[in-house]
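This report goes through a single structure, from the chain as a whole to pairs of side chains. Please keep the sequence and the model in view while reading.

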Amino acid sequence: MILAKVYVTLKKGVLDPQGKTVKHALNSLGFAGLEDVRIGKYMEVTLDEKSPEAARKAVTSMCEKLLANTVIEDYRVEVES
């Protein structure tokens with residue numbers, strides 16, 4: 001079994017209203033000096049693959065087809081064997 005961790009974030013330049021709301025709330029709670037807050041997604045995918053390379057290839061395909069909207073989001077895959 002191989003565990004893949006997927007991090008999906010909005011591309012730079014794409015507005016993040018949820019991040020702005022969280023930044024405002026943190027400022028209201030007294031957390032000063034915040035430059036920016038960006039909200040993303042984290043997923044864990046467990047695969048029955050033999051090699052980390054095969055797992056990375058499969059999860060990358062999943063990201064391209066479903067897990068990330070590649071028009072407005074970037075993604076990063078980390079594979080643990």
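## Report on the chain

Of the 81 residues in the chain, 23% are buried, where buried means under 20% relative accessible area, exposed means over 50%, and partly exposed covers the values in between (1.4 Å probe, protein chains only). This is a predicted model, in which local features need pLDDT of at least 70 and side-chain atom pairs count only at pLDDT 80 or more, while totals for chains, interfaces and linings use all residues. Residues are numbered from 1 along each chain as its sequence is written, and side-chain values use heavy atoms, with hydrogens and water left out.

**Overall layout.** Two helices and three strands make up the secondary structure of the chain. Helices (H or I, at least four residues) and strands (E, at least two) are DSSP runs, numbered from the N terminus. Their order along the sequence is β-α-β-α-β.

The C-alpha trace spans about 50 × 25 × 15 Å along its principal axes. The radius of gyration of the chain is 16 Å, whereas a compact globule of 81 residues would have one near 12 Å. That radius is taken over C-alpha atoms, and the globule rule is 2.2 Å times the number of residues to the power 0.38.

Contact means heavy atoms within 4.5 Å. Of the contacts between residues at least 6 apart in sequence, 66% join residues at least 24 apart.

**Surface and charge.** The chain exposes about 5800 Å², and carbon and sulfur atoms supply 56% of this area. Accessible areas come from the Shrake-Rupley method with a 1.4 Å probe; for residues, only the protein chains shown count as cover.

There are 12 positive and 12 negative charges, and their mean positions lie 3 Å apart. Lys and Arg count as positive and Asp and Glu as negative, while His and the chain ends are not counted. Each charge is placed at NZ of Lys, CZ of Arg, CG of Asp or CD of Glu.

**Salt bridges.** How many salt bridges does a search of the whole structure find? The search finds three, a salt bridge being a side-chain nitrogen of Lys or Arg within 4 Å of a carboxyl oxygen of Asp or Glu.

| Salt bridge | Distance, N to O |
|---|---|
| K5 and E80 | 3.0 Å |
| E73 and K41 | 3.4 Å |
| E78 and R76 | 2.4 Å |

The side chains of K5 and E80 meet in a salt bridge. This pair links distant parts of the chain, with K5 in strand β1 (residues 2–10) and E80 in strand β3 (residues 73–80), 75 residues apart. K5 counts as buried at 17% relative accessibility, and E80 is partly exposed at 35%.

E73 and K41 form another salt bridge. Here too the pair links distant parts of the chain: E73 belongs to strand β3 and K41 to strand β2 (residues 40–47), 32 residues apart. E73 is buried, with 11% relative accessibility, while K41 is partly exposed, with 40%.

In the pair of E78 and R76, E78 has a relative accessible area of 31% and is partly exposed. R76 is also partly exposed, at 42%.

**Around Y42.** Y42 lies in strand β2 and counts as partly exposed at 42% relative accessibility. Which residues does Y42 contact, leaving aside its neighbours within four places in sequence? They are K5, V6 and Y7. The C-alpha atoms of Y42 and V6 are separated by 5.7 Å, although the two residues are 36 apart along the chain.
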